[in-house]
Amino acid sequence: MAAFFNTVLYEPLFNGLIYIYDILPWKDLGIAIIVLTLLIKLVLYLPSRSSIKSQKTLQETQPKLDAIKAKYKDNREEMGKQLMNFYKENKVNPFSSCLPLLIQLPILIALYRVFFGGLTTDSQTGILVTDQVQHLYGYLKDVYATTPINAMFLGFVDLAKKGNYILAFIAGGLQFMQGKMMMRRKPEIDTKGSKDEGKAAAMNRQMMYFMPVITVIFGIQFPAGLTLYWATSTLFQVGQQYLIFRDKKNKTGQPVVIDQK
Amino acid sequence: MPKKRINKLVLLPRRAVLLLVKAYQKTLSPDHGLFAYKHPYGYCKHFPTCSDYTFQAVGKYGVVKGGIKSAKRVLRCNPHSQGGYDPID
C-alpha cells in the first residue's frame with residue numbers, strides 16, 4: 001500500500017517539484033513550491049467550479065429558501081427533501097460532491113510529504129538525502145545526486161528551518177481573511193432557524209477565529225517551506241473567492257440556469 | 001452465554017464503524033465538522049449527506065451490506081450527478 005502510494009502519487013509530485021526547480025532560470029525551491037502548489041490547486045479546483053458559481057446564484061433566491069426553512073423548521077427530514085426539490089426546480093446545485101473530496105485528500109497528503117522530502121537535504125552539502133534521490137526519474141536523478149538544492153527563498157528565507165514566525169503569521173492572516181470573506185457571504189438564515197442551526201452558526205464563528213490560530217501554531221512547528229505552501233494555497237482560495245463573488249452586485253433577482261446536467 | 005452479551009459482541013464492529021463516522025463528522029467533514037464554516041450552503045449534494053447516509057445505512061444493515069450501500073452512495077456523489085433527496089430505502 002505504501003509502495004503503491006509512493007509510485008502513484010508521491011513520485012510524480014516529487015519529480016514535478018524538482019523538475020520545476022530545475023527549469024527555473026534562478027534556482028529557488030521556494031518559487032518551485034509556489035508554482036507546484038498553484039498548479040495542483042488549479043487542477044483540484046476545476047470539479048468544484050460549477051458549484052461555487054451556483055452558490056452565487058442562490059444568494060439571489062434566498063427569500064424563497066428562507067420560507068422553506070421556516071416552514072419545515074421542526075422537521076429536518078422534510079426540510080432537506082423540500083430544499084433539494086427547490087434546488088432541482090431552479091436548476092441550481094450549490095453543492096460539491098463527496099467523491100472528488102475523497103480523491104483530493106491523498107493528493108494533498110502526498111503534496112505535503114513531497115515538500116517535506118524536497119527539504120530533506122544533507123545539512124553539510126545541501127544535497128538531497130539518498131532516500132529522496134531514489135524517487136527521482138531519469139536525468140533529475142543524476143543531476144540531484146550531486147547538485148545541492150537551494151532552499152533559500154528569495155535569497156534570505158531558509159525554507160528548511162523551523163520557527164519562521166513571520167511566514168506563520170502571514171499564513172494565519174490569510175486564513176482569517178479567507179474565513180471572513182466566506183462569513184460575509186453567508187446568508188443570515190441561522191438566526192431564525194432551529195436551535196440546532198443557531199449552535200452550528202456559533203460554532204462556525206468560533207472556527208473562523210480558531211483556524212488562523214491553529215495555522216500559526218502549526219506554521220511555527222513546520223519547516224518554513226511547508227508554511228509557504230500553506231500560505232500559497234490559502235492565498236489561492238482568497239483569490240478564487242474574490243473573483244467569483246466580485247460581480248455579484250450586477251446580478252438581478254431571477255435564478256439563472258447554470259449547470260444543467 | 002446470555003443472549004444480551006452475544007448481541008453486544010455481534011454489534012461490536014457496527015458500533016466501531018458508527019463511532020468512526022461520528023468522529024469524522026465532528027472533525028474533517030465539510031458538512032458537519034470543523035470546516036463547515038467554509039460551506040454556508042452545505043457541501044454534499046445529497047440529502048442526507050454521505051456521512052449521515054453511511055451512519056444510517058451501517059446502523060440499519062450492518063458493516064458489510066450498509067458499507068456497500070454507502071460506497072455506492074459516495075460513487076453517486078460525483079460531479080456528473082444531479083444530487084438531491086436520496087434516502088437509504
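The legends below describe close-up views of a predicted model.

Local features need pLDDT of at least 70 and side-chain atom pairs count only at pLDDT 80 or more, while totals for chains, interfaces and linings use all residues. Residues are numbered from 1 along each chain as its sequence is written, and chains are lettered from A and ligands numbered from 1 in the order in which they are written.

**View 1. Chain B has 3 helices and 2 strands.** Helices (H or I, at least four residues) and strands (E, at least two) are DSSP runs, numbered from the N terminus. Their order along the sequence is α-α-β-α-β. The C-alpha trace of chain B spans about 50 × 25 × 15 Å along its principal axes. Chain B has 89 residues, and 29% of them count as buried. Buried means 20 or more other C-beta atoms within 10 Å of the residue's own; exposed means 12 or fewer, and partly exposed lies in between, with C-beta atoms placed from the backbone. Among contacts in chain B with a separation of 6 or more, 48% join residues 24 or more positions apart. Two residues are in contact if their C-beta atoms, placed from the backbone, lie within 7 Å.

**View 2. Chain B meets chain A.** Chain B gives 23 residues to the contact and chain A gives 27 residues. On the chain B side, the elements that give two or more residues are α3 (50-76) and β2 (84-85). The largest share, 3 residues, comes from α3(B). By class, this side of chain B has 15 nonpolar, 6 polar and 2 charged residues. Ala, Val, Leu, Ile, Met, Phe, Trp, Tyr, Cys and Pro count as nonpolar, Asp, Glu, Lys and Arg as charged, and the others, Gly among them, as polar.

**View 3. A cis peptide bond joins B:Phe47 to B:Pro48.** Omega is near -5°. B:Pro48 lies in the loop between β1 (46-47) and α3 of chain B.

**View 4. A:Leu154 has a positive phi without being glycine.** The value is near 55°. A:Leu154 sits in the loop between β1 (152-153) and β2 (157-158) of chain A. A:Leu154 counts as exposed because it has 9 C-beta neighbours inside 10 Å.

**View 5. Helices α4 (residues 62-71) and α5 (residues 76-89) of chain A cross at roughly 160°.** Their axes come within 9 Å. Axes are lines fitted to C-alpha atoms, for helices over the stretch in contact, and angles run from 0 to 180 degrees between N-to-C directions. The crossing angle therefore makes α4(A) roughly antiparallel to α5(A), a term for angles over 145 degrees. A:Lys64, A:Leu65, A:Ile68 and A:Lys69 of α4(A) make the contact with A:Met79, A:Gln82, A:Leu83 and A:Phe86 of α5(A). By class, this contact has 5 nonpolar, 1 polar and 2 charged residues.

Conventions. Parallel < 35°, antiparallel > 145°, perpendicular 65-115°, else oblique.
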